[in-house]
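Here is a short briefing on one protein chain. Look at the sequence and the 3D view first, then work through the points by topic.

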Amino acid sequence: MVLPRDAFQSQIQSNVLESWRQFLCNMQESIASLEKGIAEASEMREVCTDEWCVATEHVIDELSNALFSISEPRWTNDEDSRRLKELKWKMHELYAKYKSVTRH
């Protein structure tokens with residue numbers, strides 16, 4: 001027998017987890033877009049203007065702040081945790097790529 005409270009809690013957990021996973025998916029898409037922009041800039045040095053650097057650094061900061069402030073719900077599984085860690089690692093890699101582009 002499922003008590004109403006248990007059903008309510010289960011529904012909330014399900015909603016939170018679904019939203020959290022969608023947020024991770026959106027972060028992944030944003031990081032991929034940023035990665036593409038940095039890769040294109042590395043091939044075309046004329047793109048690497050001060051304006052581009054400032055804009056890109058702001059995007060990196062915003063994505064990093066959002067990504068590293070994510071609180072992982074306790075209902076997540078190992079795959080969810082792995083995905084979050086990979087996204088954080090990807091941000092570190094992208095920042096290093098960005099810095100290598102701006103040094104030239």
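**A patch on the surface**

Phe8, Ile12 and Val16 form a nonpolar patch on the surface, and together they have about 270 Å² of accessible area. Patches are made of residues with over 30% relative accessible area and no salt bridge; like charges are joined within 9 Å, and nonpolar side chains (Val, Leu, Ile, Met, Phe, Trp, Tyr) within 5 Å. Accessible areas come from the Shrake-Rupley method with a 1.4 Å probe, and for residues only the protein chains shown count as cover.

This is a predicted model: local features need pLDDT of at least 70, side-chain atom pairs count only at pLDDT 80 or more, and totals for chains, interfaces and linings use all residues. Residues are numbered from 1 along each chain as its sequence is written, and side-chain values use heavy atoms, with hydrogens and water left out.

**Phenylalanine 8**

- Phenylalanine 8 sits in helix H1. Helices (H or I, at least four residues) and strands (E, at least two) are DSSP runs, numbered from the N terminus.
- Phenylalanine 8 is exposed, because its relative accessible area is 56%. Buried means under 20% relative accessible area, exposed over 50%, and partly exposed in between (1.4 Å probe, protein chains only).

**The nonpolar core**

- In soluble globular proteins, nonpolar side chains tend to be buried together.
- The largest nonpolar core here has 20 residues. Such a core is a set of buried Ala, Val, Leu, Ile, Met, Phe, Trp, Tyr and Cys residues joined through side-chain atoms within 4.5 Å.
- Ile31, Leu34, Ile38, Leu67 and Met91 have the most contacts inside this core.
- Helix H1 (4-43), H2 and helix H3 (78-102) are the elements that give two or more residues to this core. The largest share, eight residues, comes from H1.
- Leucine 67 touches Met27, Ile31, Leu84, Leu87, Lys88 and Met91, not counting residues up to four places away in sequence. Contact means heavy atoms within 4.5 Å.

**Threonine 56**

- Threonine 56 belongs to helix H2 (residues 50-68).
- Is threonine 56 buried or exposed? Threonine 56 is buried, because its relative accessible area is 7%.
- Leaving aside neighbours within four places in sequence, threonine 56 is in contact with Leu34, Ile38 and Tyr98.

**Salt bridges**

- The structure holds five salt bridges. A salt bridge is a side-chain nitrogen of Lys or Arg within 4 Å of a carboxyl oxygen of Asp or Glu.
- Arginine 21 pairs with aspartate 80, and their closest N and O atoms are 2.7 Å apart. Arginine 21 lies in helix H1 and aspartate 80 in helix H3, so the pair ties together parts that are 59 residues apart in sequence.
- Arginine 21 is partly exposed at 31% relative accessible area, whereas aspartate 80 is buried at 5%.
- Lysine 97 and glutamate 35 meet in a salt bridge (3.5 Å, N to O). This pair links distant parts of the chain, with lysine 97 in helix H3 and glutamate 35 in helix H1, 62 residues apart.
- Arginine 82 forms a salt bridge with glutamate 79, with the closest N and O atoms 2.1 Å apart. Both lie in helix H3, three residues apart, about one turn of the helix.
- Salt bridges that share partners join Glu35, Lys90 and Lys97 into one network.

**Cysteines**

- How many disulfides does the structure hold? The structure holds zero disulfides. A disulfide is a pair of cysteine sulfur atoms within 2.5 Å.
- Cysteine 25 is partly exposed at 26% relative accessible area, whereas cysteine 53 is buried at 16%.
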